[in-house]
Amino acid sequence: MLVEDVWQDFGTRLARLINEGHAELIAKHPGRFGAFATLPADGPDEALAEVAYALDELGLDGVVLTSNVLGRYFGDPSLEPVLAELARRAVPVFVHPEDCPHIDVLGFGRPSSIVEFPFDTARTITNALYTGVFQRHPGLRLILAHCGGALPTLGWRIGEHTVMGRGPEDADIDPAHVTEVLRGLYYETALAGSRNSLLPTLEVTSADHILFGTDWPAAPEPTVVRNIENLTGFDGFTKDELRGVERDNALSLFPRFG
């Protein structure tokens, strides 16, 4: 057997295995667990087939995408069919960062989660804005990991550059469009429960678009505990707003848990 034969369609088969495993767990504990569908990176046709199977047949609750897929960011034509379908379905899409294609140079040999992950989230959403993704697909319901990484802090700057100068192939967007898109995104608090992350996030959106997250088990338990303590001790939320972050805001996206 050739090596190519072993690896052919490996991503598609692995995604199917993961999604069916999630569905089995949910079936055993329907009120306790939910799951985002994993999609293969083998191509748009394979990804679309898995979207249909995972959502329509398995009944999973949403889809997870990485900030780039083998170096291709939101706005790349290869990702357009998947984004269009997810927007048509208005399904929650969790966006988690991935190493950028140049991580060997930019990472300095350190864990990507220090700064490169937050940068890559900002990179893919910025590219989506400037390539008109949200104009073409206003139904996208994106949840950004880590409160969007560097995105909220750069929000005004990203918008202002739409009038300072865009690329020759960029969409016709303006600061108001950037503001509207950033306001409509959802932001989760994994490793982002401190004032450093929450204050910029509340500058681009409202408290009802912030969701609780932990980053466990990727982050060790002591770090998770400190992050939760930062979140619950944050004085920028009212009691009702904190209750929304902890649970109620997520119910608007996942009503079956209500």
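Colleague: What makes Ala 15, Asn 19, Ala 23 and Ile 26 the buried residues of α2?

Modeller: This is a predicted model, and buried here means under 20% relative accessible area. Ala 15, Asn 19, Ala 23 and Ile 26 are the residues of α2 that count as buried. Seen down the helix axis, they fall within an arc of 70°, so they line one face of α2.

Colleague: Which residues of α2 are called exposed, and where are they?

Modeller: Exposed means over 50% relative accessible area. Leu 17, Glu 24 and Lys 28 are exposed, on the other side of α2.

Colleague: What do the buried residues of α2 pack against?

Modeller: They pack against β1 (36–38) and α3 (44–57).

Colleague: How do you know that the span of α2 is close to the expected one?

Modeller: The expected span is 1.5 Å times one less than the number of residues. Helix α2 covers residues 10–28, 19 residues, and 27 Å is expected for it. From first C-alpha to last it reaches 27 Å, close to that value.

Colleague: Does α2 also turn up elsewhere, or what else supplies the lining of the largest pocket?

Modeller: α2, β2 (62–66), β5 (92–96) and α12 (239–253) each supply at least two lining residues there. The largest share, 5 residues, comes from α12. That pocket has a volume of about 1,100 Å³.

Colleague: What makes 19 of its lining residues nonpolar?

Modeller: Residues such as Ala, Leu and Phe count as nonpolar, while Gly counts as polar. The lining divides into 19 nonpolar, 7 polar and 6 charged residues. Phe 36, Phe 212 and Phe 254 are among those nearest the centre, as are Gly 34 and Gly 213.

Terms used: Residues are numbered from 1 along each chain as its sequence is written. This is a predicted model: local features need pLDDT of at least 70, side-chain atom pairs count only at pLDDT 80 or more; totals for chains, interfaces and linings use all residues. Side-chain values use heavy atoms; hydrogens and water are left out. Helices (H or I, at least four residues) and strands (E, at least two) are DSSP runs, numbered from the N terminus. Buried means under 20% relative accessible area, exposed over 50%, partly exposed in between (1.4 Å probe, protein chains only). The arc is that of the directions from the helix axis to the C-beta atoms. Contact means heavy atoms within 4.5 Å. On a 1 Å grid over the protein atoms alone, a cavity is a set of points where a 1.4 Å probe fits but cannot get out, and a pocket is an open set with protein on both sides within 12 Å along at least five of seven lines; lining residues have an atom within 4 Å of a point. Grid points are joined across faces, edges and corners, and a volume is the space filled by probe spheres set on the points.
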